[in-house]
Structure formats: C-alpha cells, structure tokens
Amino acid sequence: MSTPSASTPDGGTPTEFPPIPNNGDSSLQRLKNVPGYSTPVFKGKEEQRAKVQATVVQKVSSPFRLCTLSLSCATMVGVSLNGFIPRELVSNEVNWFYTFLGIDDTYFHSETVEVIADHIIALYGAKVLAYTKRDPSKLVIDLENIDPKSNGATFIHTSSPGKTVTEGPGSVCENRIDALYLDKSTPEHAYRLETYRSLGSVSATASQQLRCYFITKCKFPVKPPASARSDGKTDIRTVSDPVFLEKASANTIEIYQSVMWNVEKRYGPVIEVFEVEGSRERRLVIGYKMGGTTKFFSALSNLYHFYSLYSTRKYVEQFSNGITIISLYLNPLPNANAPPIEHSIFQVMKEASLLYTLPDNPFFYAGSGASSGHAVQEAVYAYCGWVFAQHFCNRLGQAYLSLKNILDENNPTHAEVLNDIKRRFREETFTRESIAQVIHAHPHLINLLYVNFAMVHYPEVDEAQLMPTLSYQRLHLSQPLSDQELYEKIRKTAANKHEFQVLEAFLIFNKHVLKTNFYQPTKVALSFRLAPEFLPEVEYPKKPFGMFLVIGNEFRGFHIRFRDVARGGIRIVMSRNRESYSINQRMLFDENYGLASTQNLKNKDIPEGGAKGTILPALGASPLLCFEKYVDAIIDLLIPGQSPGIKERLVDLYGKPELLFFGPDEGTADMMDWAALHARHRGADAWWKSFTTGKSAETLGGVPHDTYGMTSLSIRQYVLGIYKQLGLREKDITKVQTGGPDGDLGSNEIKLSSDKTIAVIDGSGVLADPHGINREELIRLATLRVPISHFDRSKLSKDGYVVLVEDQDVKLPSGEVVLDGTDFRNGAHLRFKADLLVPCGGRPEAVNISNVAALVDSEGKPHFKYIVEGANLFITQQARLYLEKRKVILYKDSSANKGGVTSSSLEVLAGLSLSSEEYTRLMIFKDGKPSEFYQNYVKDIQQKITENAAAEFHCIWKEHARLQGSKPRTLISDELSGKLNALQEELEASDLFDDVPSKRGVMNRAIPKTLINELGLDTFLDRLPEAYQRALFSSWVASHFIYKYGVNGSSVDFFHFARDLAV
C-alpha cells in the first residue's frame, strides 16, 4: 500500500480511508434536497431574446465597434463587426446562449439587451479563436460589465469544475471581486453576490462551462421592518437586503438566522456544514463580522479545489448589522482520485478556519497548480515558519561576539561601529524573499517539518468521534522523522549554508513551541507560546521567562515577559511607508525585547516583572483590528477550551496556568477597555478585571495615570530630590522639557512644577523663551491637554518664539532662519542650554552615541547640569554614560518614571482580589462619580508611588556618594534593578514565604490599607493566586531590604531585616 504525502489529498486509494459515517454521525446537519434560493422566472425572456437577436444582427451588419467589454479575444476590441457573424448563424448563436448554456434567469433579468448582445458576439469570437488554434480546450471566455456608479457588476468566464485556474482572466476574477466588492464591506457600502456554474457547455465541441458572477449593491431599508422577536435577539428580516428575502427559502433564512446569532456572540468565524438528503452535495455556511478578513472568498475556491470538489452555486450575503455569510454548494468531482466528499468536507471545514486567519498565503500553491502545492495546514505552517525565520535567522553569530569582546561598548566610536555592523547583519543576511525561495525550493522538507510539528501539537482524536479528520489520517499514514533524522536530512539536502540555516530555523521553531492555537477549530489569528531557550546569549543576555508569537493576515506581533507574573504595555508600531515597514519588520523582536527588558528594570519594586507586547500592522491595516486579533489569539492560549467544535483543549507542553497583564502603550491607550471586556466574554471570570490596566475609570474602574499624575509623581520625586540634596530653589532653575502640554507626562510636569521653563518641544513644534515661558499660559494648555501650537503668542517676550513643524523659512528673534520646521523640531533638544532637562516625550534614542556630543559645548561644558529621564529610552545607555562622564547628574528612565507601573500594579491587585460584585460596587463610578473606596484607593496608590520613588532616589544618591562618584548613577541604577530582581527571584523560590507570621506581616504592609480594611487580610489571601502572592511578598521584601541597606547589603543585614518581617 502506498504512503500518502502529507500535502496531497489523493495520496492513496479510497480504501485507505475509514468507512463513511452513517446517519448516526451527530456532526452532520441535514437538509432536504430543495434549492436554498429561488430563481424568479423572467417573464420577459422571450421578448428580450427577440430584441437581442435583432441587436446582434444590426451589430454584425453595420460598422459597429465592440469596445464596451473586456474580452479574452482581444483582437476583437475596437474592430469593425461588419460580417463578423454570418446572418444565418445569428439565430442559432442566440438560441444556444438562451437555451442550451443553462444560464440562470438572474442574468437575463439584470442585464440590458445591448450587453447581452455583446456577450453573444464575444462568445462567438472566442469560439472562432479556439477553432483557429485547432484546440477546443483553448476556448476562453472573459466577459464583464462593471456598473460605473458602483451599483454592481457581472463577470462571466470559462471554468472547469474542481480546478483552480492559474492563467487567463478566470485566474483573477474572484480576487478582483474580493478587492472591489467584499474586502472593504461596511453596512453603508455592502454588496451581495450570487455565482453559479452554467448547466450546459459553451459549444458543441468544447466541454467548458461558464461561471457567472452577479454582484449587486445592498439596499437596506431606511426604516427596517419591526422585529417579530420578543427575546431581544436580532431578527434577520430587519437587517436584510430585500432581494435576499425575496430569493432565499424559508430554510435558508432559518439557517442564516442561527449563524448570525452565533457570529454576534463569537469573535471569529462560524462554520457549519450541511448534508443534502439523497445526494452527495454538501453545503458549507460561513459567517463572520465584516472586515474580519480579506481575500477570503477567492481563497475558499482554492481550498475546496484542493480536495477535488467543485461548487455549483455560491452566495455572499451581507447584513446591515455588519455580518457577512458565505454559502457554498459543494460536490465531488466525478472520477477523481481523491478522498470522498464524506471525508474531505470536514477537512475543508477545519481548514476554512485556518484560511480565515491567513487567506493570502504565498505557500498555498507552491507550484503551477494544486497538485504541486501544499494543503492549507502545511501552507499555513510554512508561512509561520517563514515569519519565525525572518526574525531569528538574522543572528549575529560568533564573528560578532569576537568583535564585541575586543571593542569597548562604552567608547562612542566603538559602540557606533558595533551598531553599524549589527544593522548590516540584520538587513543583508536573510531577506524575506530569500527565505521564501528556500521554502518554495524544498516543499518535501517543509512537509516533513510540518509532520514533525503536527505529531506533537495535533490534538488527540476523541474516541467518541466516528471518524478522525483527514489531516489526522494523513499524519498517521506519513512516516514521521525524529528531530535528529530530520536534522540530518536537512543537512544533506540543503544546497548551501543559507538554505540549511533557513530550514534549521523551522526545526528550532518546532522544538520550542509549547502550545499553539493552530488546531483550534475557530480562531482569528495564530498564536504560539515559545520557550525562549533558542535565543543567543550574545544578543539577548537576559533570557526571557516566556514569549508569544502571534501571526495574523494583517499583522504580526510578539509578547515577551521576564517573570511568570509580569506586566507591560502593548505597543502598536506603525509604518509610514514600505521602507519604514521593512525596517520595523526586521527590528520588531529586538524592539520588543529592549522594551520588555527596560520594563523589567522599572518593575523592580512591584510584584509583576517586566513584559511588553508589540504589534506591527501591515500597511493600510486597521490598528484596532490587529489589536483585537492579537488579544483574542493570546487568550486562546490562556483559557483551556471547553466548547467542542469552537474552542477545544490544546496540547499544552508548558503544563501550567499562565496569566498575562496588559497595559496601554503607543497606539493602544483607548483599546484597554475592549480587551478587558473581551476577556470577560471569553470566560476569564477570575482575571478579566486585572487583564488590562489603563481602563476607563467611570465604566471599568481603571485608574488613569494622566488624571491622577501617577507617572509624573515619580519623576517629580527625582527632580525634588536633586533640589533638596543640592540646596536649590525651584523657581531659580531653568528647564527644557520634551513632550508638550497635550501629553500625560508633559501636562502633569507643567502643573506640578514651578521652575523657569525656557523651552517645550512637542509633536506640533518648538516653544521657546529665554526669559521663561509664561507659566499661566502653559498651565492653560496643560489643563486643556492641547499642544504648544495653541500657545498665545502675545504672552511671549521679545526673544521668545514658536516654530511649528509645518513652518518654513521662519526668522527667529536672533536673526537665525529656520528653513524647515520639522527638521528644527527634531533637533531642538540638542540646541538649548538650561539647568535641567526633563524628557516627557519623544522617540526612543533621541539622544544617542552619534549625536550626544552636540549636548556639550566647545569648552566641554554640558548643556544641562541635571537630567531626569521621564520618557522611556529617550537616551541610549552609551549616551547616558557619556554625559555622566562630563559631570551631568542623570537619573535614567527605569528609575525615574516607574510611578505609572506602580499605579498599574495596584490596579491589577484590586482586580484580582475583589469579586465581580465588589469590583462593580467599589471601583466603577456611579452617576459619573467615584465611590469613597475608589478615592481612598487612589490616594493609597499615590502615597506608594511617592514612597518608592523617594526611597530609590536616596539609595542611588547614597551609593554614588559612597563610591565618591567613581560609578555613574546609570550603572548604579542598573545594578540596583539587577540586585532587586535577582533577590526577588531568590525569595520567590525560597521557603521564607511559607513562614506564616512573616507572610502576614509583609502582606499587611504591602497591600494598600483601603483594600485590607474592605476585605480583611484572610479573605484577600484566599482570593489572590499563590503565584501572585509569592511575587507580591518577594517584591516588597527585596525592595525594602535593598533600599534600606543598599546594593551591598550583607547576609547578616538580611538576617536582621527578616527578623522584623512578622512585626
């Protein structure tokens, strides 16, 4: 017996498949063998036929030119038709077209006499062209009529059943329909589609049939009919196009109604299959929300053709409540060497879900047709491996490590050389195109790698099922190779080192996937929980605790965390153009790692370690849609599936429950509410309240950082600490601030300070006044949260000015001319001199090793005496050390701006410890007003922020003084964070937490009093997950010990400190 390939549906004889399920198969739904739609009889058809015949005669008897239609016989376009069809043949051609082709009356009812006549002439011309080639199979028809007012279109082309057309007009027809009419559907701009195969062939000598597509714009009633339902559910009749209601049978409407209700309840596609009684026809019905995917309709044809099925009819219905439903009438191709439809329909159903996530996949057909391509599962696996290889093949290797060991990263010149080499390695070693070429060149190896992946992650078949899916059978009929055997096969097959590294990346991917939603019956994007052990230490010195890779049709994303209990923001990385997208794509993981690593340093004195998520939307993709799919796909891996056929249990090699905490970051500040509510909808009853921070205060009980100045409170402690230690008066201090009055940090820094601010730089431009910017006007802007472009220029001194990004050729009071406002703004932070610089906004690495010298004058004097880095990553590490070497007092971001993370951590704590009823009563506003509990809890948070920031400031200041300035504060801060995190990890793994008096003593001090007073310590401990309790206990002990005894605290010091924990 032959062994079927993992990528072909016909790898063996039908006898290799289990028996066809009998009528007891509960997975099948049955329909009576009646049409799902009625086709109204066109009563004027005979009268129209006579007019069409007369029009054709007129066209071929006079110097008409056929120019209105797109024809495959292009030689006819713009050519005189005089005598083109002999008059005596016109009647036969018209009669054939009307009677024997089997074209539905819908066509004749919707098209004009002129258009039908042109179609008949074009069909005749195509037959003549095929005759001249002596090959009836060359008969190609391509007719279209697109309404110029966008009310609809008709497409007709030759189509062989069960085959994907790879050349000619038919190969792009459905793709065009997707792009023109379906992909960008909205309730205000939606189209319905009917398509069917003609019953007859196009001529007596050619067997080809015609595929006809009719697209019409939906015309939803301005005043929908009243609902007949009293249960609050949507009545499909109130949201339908009248034509659909006229044509659809009562049974079809009932099926669509049920699918619609499921779509409304679910985030993702709803897929149902129906058996038609007394026939082998199967009807596949798929419902989803408009905009949920693109290029899906055309991709479905490729899918069922792969399994030697063909469609007699297809429908796309759209509804005014934003739901799309596709219905496919599928039949087996006669005499095909393929699995019977009774088996393959379930595979089509399963793979339609994968196709929904990645419909535009270059690996679906690797060759010229389905026979040489991958099945959907293998193709999607190839795509995911392609993405993985793009990020993790471009590694720097031993040569870079050797060079790194020789050079001094603290030397600006050496650091710049290393950065240039790293960038060139990233850009030039493995491109997307070169990786794709390797995948296309080795389809057999990709299939073997897929089997290696699937043998681990394919869920066990339920014994209660009568029939395992076709993909499961394919796997068990294929001979899987061990990891070592596969490695050897790759090594021997790869033509060069480049190919070997790409293919090895697939094997590395397989080895490190701990769980995935790849085989989840319904999903909107693919997610993989990866073990991070494969990351090279030379590039990623601190190993993450865990990482997720998420791949969608419109985006890719990562999530990295450094401890089991970890929290951080989700950032959307937007691209201005294709070049910017390519750069962002190459650097996405490294940016994510850097952000998460910084977050880990910043989270040093809270229970959650550092984490960060990044999402890179494709050009033109909706950021909100990408975020929603990213969140839903990750939740797939956090909540065990409980719904057969929808969300089922996954193979989990990690084997432990996981909990992630998301926060707002660039581009996601207004999306946190949706994520929390979606987690609740998905069944995360225990943790939806704490899943996201930055939620709306009034509706979801969030604690907004900007409203209460949480991050700014921390920054202010460092500014005030410098003033106090040096005996400075704030009103005498000159300051430059990046990040304007429209931002969180910028607005609160303005409100909380009383210095002499001489420059503010924000997204709109530069505001400067050497005599001090008018404080009242700044506060007005900060209160309104508007940028400096709204500054009242009458409040400037004679030497003050405002330069906006759109300005050109602006003359400053000094006489200097600014040629371009954007360029001036981008470099403004390097031109001013003041006592203090407080970055509250701006792009990462705004001050770097390449430009930091601009902050020092010709005499070696720095532009600023003090810098408190409020904005994340505003200054690179090398630039910080460069400035500190020149006696600048600098406090880096991970120390200065941790107020926000402290606030978010305590927001998480409330969500985890309060029941849903308590959370609603205590944290969510009533009539727009917060409860007394909420107000007191906010004050507790502010006090914690102030205490933690002041404690760390003094710890760093003391250590710097003890070392007499020999170690930069930047490195002391890093060392402090490292020691804190290391001690916290040690404590989490120790048995100190098990000492009940110590645990209770710490918890009483670590938990805000308002929460303890409301719940009581015992209730609190009963509700809080043990992993979080350990993290909370360890973080409090570690931070308070280090802040008290410094980074060099001894074991004896800790012994004395631990004795007092129970007090």
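**Helix packing and sheet order**

Modeller: Helices α34 and α37 are roughly perpendicular to each other, a label for angles of 65 to 115 degrees. This is a predicted model, in which local features need pLDDT of at least 70, side-chain atom pairs count only at pLDDT 80 or more, and totals for chains, interfaces and linings use all residues. Residues are numbered from 1 along each chain as its sequence is written, and side-chain values use heavy atoms, without hydrogens and water.

Biologist: At what angle do the axes of α34 and α37 cross?
Modeller: The axes of α34 (residues 996-1006) and α37 (residues 1026-1045) cross at roughly 80 degrees and come within 10 Å. Axes are lines fitted to C-alpha atoms, for helices over the stretch in contact, and angles run from 0 to 180 degrees between N-to-C directions. Helices are DSSP runs of H or I with at least four residues, strands runs of E with at least two, numbered from the N terminus.

Biologist: Which residues of α37 make the contact?
Modeller: Q1029, L1032, F1033, W1036 and V1037 of α37 meet α34 residues including V1002 and M1003, contact being heavy atoms within 4.5 Å.

Biologist: Turning to the sheet, what is the strand order?
Modeller: The open sheet of 9 strands runs β1-β6-β7-β9-β8-β4-β5-β3-β2, with mixed pairing; strands pair if DSSP finds at least two bridges between them. Its edge strands are β1 (29-31) and β2 (142-146).

Biologist: How many bridges join β2 and β3?
Modeller: β2 and β3 (residues 152-159) are antiparallel over 5 bridges, and I146 has A153 of β3 as its bridge partner.

Note on methods:
Parallel < 35°, antiparallel > 145°, perpendicular 65-115°, else oblique.
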